[in-house]
Amino acid sequence: MLYERRISSPVGDLHVVAAEEAIVGVYLPGHKGAPEIVAHDGQNHPLLAEAARQLAEYFAGGREFFTLPLDLHGSAFQREVWRALVEIPFGETRSYAELARALGRPQAARAVGAANAKNPISIIVPCHRVIAGDGALTGYAGGVAAKQWLLSHEQEHHAPHHVIH
């Protein structure tokens, strides 16, 4: 069974989806490729309440990483890429090619880009931290303006004293 909750944010209302014990989706407004989800009202779901709290802390500049259980559905390669995204530090970026090399697949930059685009858990699994090799902000399922805002926000708030564990 799935539960959903809308959470207001500076990049628009986020559609957050959870199963009983894990977050399965965070979608921005106009999210390209977002699935049609039939879910129950999760306004009182404890995991969605915790996700709302952690996302509010993130947007306030007081959280650099999330401690939510995640259930990522995708191919083995996609899940490998998504796990690597979580390792990109707050306030930093990596190119698609750098991420491919880190995965031991130096020729797979395009495949990394395709997997990145299918990430179902935006912000929490920070696909916005991946940019083109020349520094350009290429496509983002929630739109390039949202990607720019998230990166600027992280660079502005990146400091050790801002971390909440």
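What follows is a short chat about reading some strands and aromatic rings in a predicted model.

Me: What should I know before I start?
Reply: It's a predicted model, so local features need pLDDT of at least 70 and side-chain atom pairs count only at pLDDT 80 or more, while totals for chains, interfaces and linings use all residues. Residues are numbered from 1 along each chain as its sequence is written, and side-chain values use heavy atoms, with hydrogens and water left out.

Me: How many residues of strand 2 are buried?
Reply: First the terms. Strands (E, at least two residues) and helices (H or I, at least four) are DSSP runs numbered from the N terminus. Buried means under 20% relative accessible area, exposed is over 50%, and partly exposed lies in between (1.4 Å probe, protein chains only). Here, strand 2, residues 14-18, has 5 of its 5 residues buried. Leu14, Val16 and Ala18 point one way, His15 and Val17 point the other way, and all are buried.

Me: Which strands pair with strand 2?
Reply: Two strands pair if DSSP finds at least two bridges between them. Strand 1 (residues 3-7) is antiparallel to strand 2, over 5 bridges; arginine 5, for example, has valine 16 as its bridge partner. Strand 3 (residues 23-27) also runs antiparallel to strand 2, joined by 4 bridges, and there alanine 18 stands opposite isoleucine 23.

Me: What sits between the strands in each hairpin?
Reply: Between strand 1 and strand 2 there are 6 residues, and in that hairpin glycine 12 takes a positive phi near 105°. The hairpin of strand 2 and strand 3 has 4 residues between them.

Me: Now the rings. How many aromatic pairs are there?
Reply: Rings of Phe, Tyr and Trp (its six-membered ring) pair if their centres lie within 6.5 Å; planes under 30 degrees apart count as stacked, over 60 as edge-to-face, and the rest as tilted. That rule gives 4 aromatic pairs. Take tyrosine 58 and phenylalanine 66: their centres are 5.6 Å apart and their planes are at 40°, so this pair is tilted.

Me: Why is the pair of tyrosine 58 and phenylalanine 90 edge-to-face?
Reply: Because their planes are at 85°, with ring centres 6.1 Å apart. This pair links distant parts of the chain: tyrosine 58 is in helix 1 (residues 46-59), and phenylalanine 90, 32 residues apart from it, is in the loop between helix 2 (76-86) and strand 5 (94-95).

Me: Which residues make up the cluster?
Reply: Ring pairs link Tyr58, Phe59, Phe66, Phe90 and Trp149.
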